[in-house]
Amino acid sequence: MELIDRLRSARRVAVLTGAGVSAESGVPTFRDAQSGLWAQYRPEDLATPQAFQKQPSLVWEWYAWRRELVSQVEPNAGHLALAQMERLIPEFTVVTQNVDRLHKKAGSLNVIELHGDLQQIRCSKEGTIVENWVETGRVPPCCPACGDLLRPNVVWFGESLPEEALRSAWETARKSEIFLSIGTSTIVEPAASLPWFALQNGAIVLEVNPNPTPLSEAAHFTLNGAAGVVLPELVRTVWG
Ligand code: OAD
């Protein structure tokens, strides 16, 4: 099969992952109706600077709940398969929209975190990462240096993505021979444009998702299944 031959001989492979790759670890996705994080809240009520301005403690608590949840889950077979692919392919980069650190926990070394890192806390004013902040009971806690509110080091709607991460993500997509888009609804920009950019630059695009997305029609290959099932199967089939 062409996909298998291409993966076997590929030198530069890029991957974009979304919440779907962490679903089988027990981390809720955003837009899946049954388990989605947005089921009981609206994104604009929680993941925007305005929401934090208006209800800092609600926003802080929601992220504290997600931090707690994510600190207790393990990478699943999908994350592990991607870490294995990195060891089998000369240049392999995972660009993730996820903030759960599960790719790194699974052993992936070359990971670009487009939307930040849930476990990191930063000063709202200075932007500096605050390592040893203490829960003082005040919610949200204040920056020990300047006294301003602390916030999660994640990208909120309307905020720009970390510049260096975004630059290297575009470059990775541009150079890729094969681009895997895994577990993302491919809606939120600019991440959603990466697979299209790879396509325009001649990459073979493979989508892994149990459901169709705006990318499905244009992808060369779509594997309609769960990442935790499809990816280990793909590694076994291609590399034995
Ligand atoms: P979504 O919740 O929008 O989409 C999850 C995707 O994963 C859907 O297309 C599902 O069909 C698919 N999916 C579910 N289970 C899966 C599985 N086991 N294996 C593979 N795919 C599965 O999550 P994202 O696309 O990641 O941004 O959302 C993108 C961004 O929107 C997030 O990074 C976040 C959110 O707002 C910010 O917070 C800035």
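**Close-up views of a predicted model**

**View 1. Leu58, a partly exposed residue in a helix.** Leu58 has a relative accessible area of 26%, so Leu58 counts as partly exposed. The structure shown here, in this view and in those that follow, is a predicted model. Leu58 belongs to helix H5, which runs over residues 56–71. Now look across to Gln119: along the chain, Leu58 and Gln119 are 61 residues apart, and their C-alpha atoms are separated by 17 Å.

**View 2. Asp117, a buried residue in a strand.** Asp117 is part of strand S4. Is Asp117 buried or exposed? With 4% relative accessibility, Asp117 counts as buried.

**View 3. Helix H6 from end to end.** Helix H6 covers residues 77–88, 12 residues in total. From its first C-alpha to its last, H6 reaches 16 Å, close to the 16 Å expected at 1.5 Å a residue. Which residue has a side-chain oxygen that reaches towards the backbone nitrogen of Gly78 at the start of H6? That residue is Asn76, with its side-chain oxygen within 2.7 Å of the nitrogen. Several residues of H6 are buried, among them Gly78, Leu82 and Met85. His79, Ala81, Ala83 and Glu86 of H6 are buried as well.

View 4. The space that the ligand takes up is the largest pocket. There are 23 residues around the ligand, and those that come nearest are Ala19, Phe30, Arg31, Ser185 and Asn209. Start with Phe30, where a backbone N or O atom lies 2.8 Å from an oxygen atom of the ligand. For Gly20, a backbone N or O atom is 3.4 Å from a ligand nitrogen atom. Asn209 uses its side chain: an N or O atom there is 2.7 Å from an oxygen atom of the ligand. How much of the ligand does the protein bury? Taken alone, the ligand exposes 790 Å², and the protein buries 93% of that.

**View 5. Two cis peptide bonds.** Most peptide bonds are trans. Here the bond from Val139 to Pro140 is cis, and its omega is near -5 degrees. Pro140 sits in the loop that lies between strand S4 (116–123) and strand S5 (150–154). Glu189 and Pro190 are also joined by a cis peptide bond, with omega about -5 degrees. To find Pro190, look in the loop between strand S6 (178–182) and helix H9 (194–200).

**View 6. Two residues with a positive phi.** Most residues other than glycine have a negative phi. Arg101 is not a glycine, yet its phi is positive, near 65 degrees. Arg101 lies in the loop between strand S2 (91–96) and helix H7 (102–105). Its relative accessibility is 36%, so Arg101 counts as partly exposed. Thr186 also has a positive phi, about 55 degrees, although it is not a glycine. The loop between S6 and H9 is where Thr186 is placed. Thr186 has a relative accessible area of 6%, and is therefore buried.

Notes:
Residues are numbered from 1 along each chain as its sequence is written. This is a predicted model: local features need pLDDT of at least 70, side-chain atom pairs count only at pLDDT 80 or more; totals for chains, interfaces and linings use all residues. Side-chain values use heavy atoms; hydrogens and water are left out. Helices (H or I, at least four residues) and strands (E, at least two) are DSSP runs, numbered from the N terminus. The expected span of a helix is 1.5 Å times one less than its number of residues. Buried means under 20% relative accessible area, exposed over 50%, partly exposed in between (1.4 Å probe, protein chains only). A polar contact is a pair of N or O atoms within 3.5 Å; within protein, one must be able to donate a hydrogen and the other to accept it, and residues adjacent in sequence count only if both atoms are side-chain atoms. A residue is near a molecule or strand if one of its heavy atoms lies within 4 Å of it. Accessible areas come from the Shrake-Rupley method with a 1.4 Å probe; for residues, only the protein chains shown count as cover. On a 1 Å grid over the protein atoms alone, a cavity is a set of points where a 1.4 Å probe fits but cannot get out, and a pocket is an open set with protein on both sides within 12 Å along at least five of seven lines; lining residues have an atom within 4 Å of a point. A molecule sits in a cavity or pocket if more than half of its atoms lie within 2 Å of its grid points.
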